[in-house]
Amino acid sequence: MADSFERKDNYYAESMTIDEIRKIDGIPNDVEVVGYVIHLPDKDEFVGKIKKSSGMLTIAYVAAPHYAKVYKNHKSAIKDAKLIIKHKLMVCALLESSNQYVIHSLWSNH
């Protein structure tokens, strides 16, 4: 697993496809890929909204993944996550089955 991590901008990122995530986590093919979210593991919260304007950064946090801001690709999520320096956080793939959400970490600032 250590070989799949690369050091970039003092952050760690795991290069992995959704199919590889499915295989590692044992996630069935009928589980839908929703997108990517920013997760704060220490508080078990997610970024719900992030707004950048005239030198200010406003962030709203939510308690559940279905309220989280969902990014279409991991690069956009990582770009926003790098703006948040106050918390330990992870960018995760978000998958949804008929009865639960599953997240898999792809990037971390710690």
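What follows is a short chat about a predicted model of one protein chain.

Visitor: Start me off. How many helices and strands does the protein chain have?
Guide: This is a predicted model. The chain has two helices and seven strands.

Visitor: And in what order do the elements run from the N terminus on?
Guide: The order is β-β-α-β-β-β-α-β-β.

Visitor: What share of the residues counts as buried?
Guide: The chain has 110 residues, and 37% of them count as buried.

Visitor: What about the surface?
Guide: The accessible surface is about 7,000 Å². Carbon and sulfur atoms make up 49% of that.

Visitor: What part of the contacts links residues 24 or more positions apart?
Guide: Take the contacts with a separation of 6 or more. Residues 24 or more positions apart account for 51% of those.

Visitor: Let's look at α1. Which of its residues are buried?
Guide: Helix α1 covers residues 18–25, and its buried residues are Ile-18, Ile-21 and Arg-22.

Visitor: Why are they on the same side of α1?
Guide: They cover an arc of only 100° around the axis, so they sit on the same side of the helix. The general rule is that an α-helix has 3.6 residues a turn, so residues three or four places apart point the same way.

Visitor: What do those buried residues pack against?
Guide: Three strands: β3 (32–40), β6 (90–96) and β7 (101–108).

Visitor: And which residues are exposed on the other side of α1?
Guide: Asp-19 and Lys-23 are exposed there. Asp-19 has a relative accessible area of 57%, and over 50% counts as exposed.

Visitor: How far is Asp-19 from Asn-29?
Guide: They are ten residues apart in sequence. In space, their C-alpha atoms are 8.5 Å apart.

Visitor: What comes just after α1?
Guide: Gly-26, which takes a positive phi of about 65°.

Visitor: New topic. How many salt bridges does a search of the whole structure find?
Guide: One. The side chains of Lys-52 and Asp-80 meet in it, at 2.8 Å from N to O.

Visitor: Which parts does that pair tie together?
Guide: Lys-52 lies in strand β4 (residues 45–53) and Asp-80 in helix α2 (residues 74–81). The pair therefore ties together parts that are 28 residues apart in sequence. As a general point, side chains of opposite charge can pair when their charged atoms come close.

Visitor: Is Lys-52 buried, exposed or partly exposed?
Guide: Lys-52 is partly exposed, because its relative accessibility is 47%. Asp-80 counts as buried, at 7%.

Visitor: What else does the side chain of Asp-80 join?
Guide: The side chain of Tyr-71, through a polar contact of 2.6 Å.

Visitor: Which residues is Asp-80 in contact with, leaving aside its neighbours within four places in sequence?
Guide: Ile-38, Ile-50, Lys-52, Lys-69 and Tyr-71.

Visitor: Last one. Which residues form a nonpolar patch on the surface?
Guide: Val-34, Val-70 and Tyr-101. Together they have about 200 Å² of accessible area.

Visitor: Where is the place of Val-34?
Guide: Val-34 is in strand β3. Val-34 is partly exposed, with a relative accessible area of 31%.

Conventions:
Residues are numbered from 1 along each chain as its sequence is written. This is a predicted model: local features need pLDDT of at least 70, side-chain atom pairs count only at pLDDT 80 or more; totals for chains, interfaces and linings use all residues. Side-chain values use heavy atoms; hydrogens and water are left out. Buried means under 20% relative accessible area, exposed over 50%, partly exposed in between (1.4 Å probe, protein chains only). Helices (H or I, at least four residues) and strands (E, at least two) are DSSP runs, numbered from the N terminus. The arc is that of the directions from the helix axis to the C-beta atoms. Contact means heavy atoms within 4.5 Å. Accessible areas come from the Shrake-Rupley method with a 1.4 Å probe; for residues, only the protein chains shown count as cover. A salt bridge is a side-chain nitrogen of Lys or Arg within 4 Å of a carboxyl oxygen of Asp or Glu. Patches are made of residues with over 30% relative accessible area and no salt bridge: like charges are joined within 9 Å, nonpolar side chains (Val, Leu, Ile, Met, Phe, Trp, Tyr) within 5 Å. A polar contact is a pair of N or O atoms within 3.5 Å; within protein, one must be able to donate a hydrogen and the other to accept it, and residues adjacent in sequence count only if both atoms are side-chain atoms.
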